[in-house]
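Thanks for coming. Please have the display open.

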Amino acid sequence: MGEEVKVSDALTGVGQGSEAVVAIPCSSIQIDISLPLDRMKPRIVNLCKDLFAKWSSVDESCFTIETVSGGITNLLLKVSIRENSGNINLLTVRLYGPDTDLVIDRKRELQALPHLSAAGFGAKLLGIFGNGMVQSFLDARTLSPSDMSNTEIASEIARQLHKFHKVAVPGSTEPQLWNDLFRFLEKASVAAAALKLDDSGKQARYESIPFQEIRAEISKLKDLTALLNAPVVFAHNDLLSGNLMINDKEGRLYFIDFEYGSYSYRGYDIANHFNEYAGFDCDFSLYPDKEAQYDFFRSYLQPQKPHKVPDHDLEALFVETNTFRLASHIYWALWAIIQAKVSSIDFDYLSYFFLRYNEYKKQREACFSIAQDYLSRLK
């Protein structure tokens, strides 16, 4: 039977600011994410029995497994367990992609999870295993990229993000964006150098990636954003449509998947979300215009009185967001090169790198100008 690890949890109902230690079942079992569902099922059943003693004698026929979503990093499964009493239990099993620890700090994720859960975000953490976690099941559908630009949904995302950014997670509150970017740069350059492909054209494209140029661009962007004095918050950092779920009947929105969560800049988190309007097809013409951004900012800055937000606060957040927009493109461009080396998922990571980095270069001059003009007027 699986062991238990202790996770510090700021529980509601225990007293303001108090903490409790919750024992989370832990198993060393690992499950191959590349297996077809029929071959994966007995392994998932074995995992559930190892983690949860109450199901150790339940027959395998009482377990049903289906895919909820399969992104370009993880696989999400819905597990139904019919007990002898007839009760149906629903779980979510998240399987990490191979070598995702190269881009994701699992220790940081597990430290944040109980605090975010206590604040009402995501699903409850029920168990941890060798290459994934088990959580409570959310009765909701995943958003599509087009949903995010829906006026009502966008306003609710903004209100929830306001609340999310107020969650206090223990540990250093230093922003991690630049540390992560320079770390990704080093890992991406090593990954690109190690790739040896049969396709000579593709090999040449990898060899053409301008890592020194990217390093210089990151440094310039870091220096410019430092002048904006952007507030630091605990950020989601990956608020794409696949990490947003909604129960249409109840109108309840959920943030999920906090793998990339860290202390960062509020403008970066919002910009990263806006970039995801483009979807994996990278149709960046869908990036919200200024009017749509201001509507989002109003609901984010003052959820109860959005029309009372001062113009100068809207402008400041607009400048922040559209400067950090550039950092988001570089982040995911470098991430793609690392994934190209380690991921078994069928996705054209090289093309994704160029789509994101080319969009960075396309938007660079305009975004730098917005920031520089704003800063010159503050003097």
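A search of the whole structure turns up 0 disulfides, a disulfide being a pair of cysteine sulfur atoms within 2.5 Å. Take Cys48: it is in no disulfide, and the nearest cysteine sulfur, that of Cys62, is 13 Å away. Cys48 is buried, at a relative accessible area of 0%. Buried here means under 20% relative accessible area, exposed means over 50%, and partly exposed is in between, with a 1.4 Å probe and protein chains only. Cys367 is in no disulfide either; the nearest cysteine sulfur belongs to Cys282, 16 Å away. Cys367 is buried too, with a relative accessible area of 2%.

Before I go on, the ground rules. This is a predicted model, in which local features need pLDDT of at least 70 and side-chain atom pairs count only at pLDDT 80 or more, while totals for chains, interfaces and linings use all residues. Residues are numbered from 1 along each chain as its sequence is written, and side-chain values use heavy atoms, with hydrogens and water left out.

Now the rings. Rings of Phe, Tyr and Trp (its six-membered ring) pair if their centres lie within 6.5 Å; planes under 30 degrees apart are stacked, over 60 edge-to-face, and the rest tilted. How many aromatic pairs does that rule give? The count is 28. One of them is Tyr268 with Tyr331, a tilted pair at 6.3 Å centre to centre and 55 degrees between the planes. Tyr268 is in helix H8 and Tyr331 in helix H10, residues 311–342, so the pair ties together parts 63 residues apart in sequence. Helices are DSSP runs of H or I, at least four residues, numbered from the N terminus; strands are runs of E, at least two. Tyr268 is buried at 1% relative accessible area, and Tyr331 is buried at 4%.

A second pair is Phe280 with Phe347, edge-to-face, 6.1 Å centre to centre with 70 degrees between the planes. Phe280 sits in the loop between H8 and helix H9 (290–301), and Phe347 in the loop between H10 and helix H11 (349–378), 67 residues apart. Phe280 is partly exposed at 40%, and Phe347 is partly exposed at 24%.

Two arginines sit over rings. The criterion is NZ of Lys or CZ of Arg within 6 Å of the ring centre and within 35 degrees of the ring normal. Arg325 lies over the face of Tyr287 at 3.6 Å from the ring centre, and the charged end of Arg364 is over the ring of Phe368, 4.3 Å from its centre.

Next, helix H4, residues 151–164. Buried residues in H4 include Ile153, Ile157, Leu161 and Phe164. Asn150 caps the N-terminal end of H4, with a side-chain oxygen 3.0 Å from the backbone nitrogen of Glu152.

Last, Ser285, in the loop between H8 and H9. Ser285 is exposed, at 61% relative accessibility.

Methods
A polar contact is a pair of N or O atoms within 3.5 Å; within protein, one must be able to donate a hydrogen and the other to accept it, and residues adjacent in sequence count only if both atoms are side-chain atoms.
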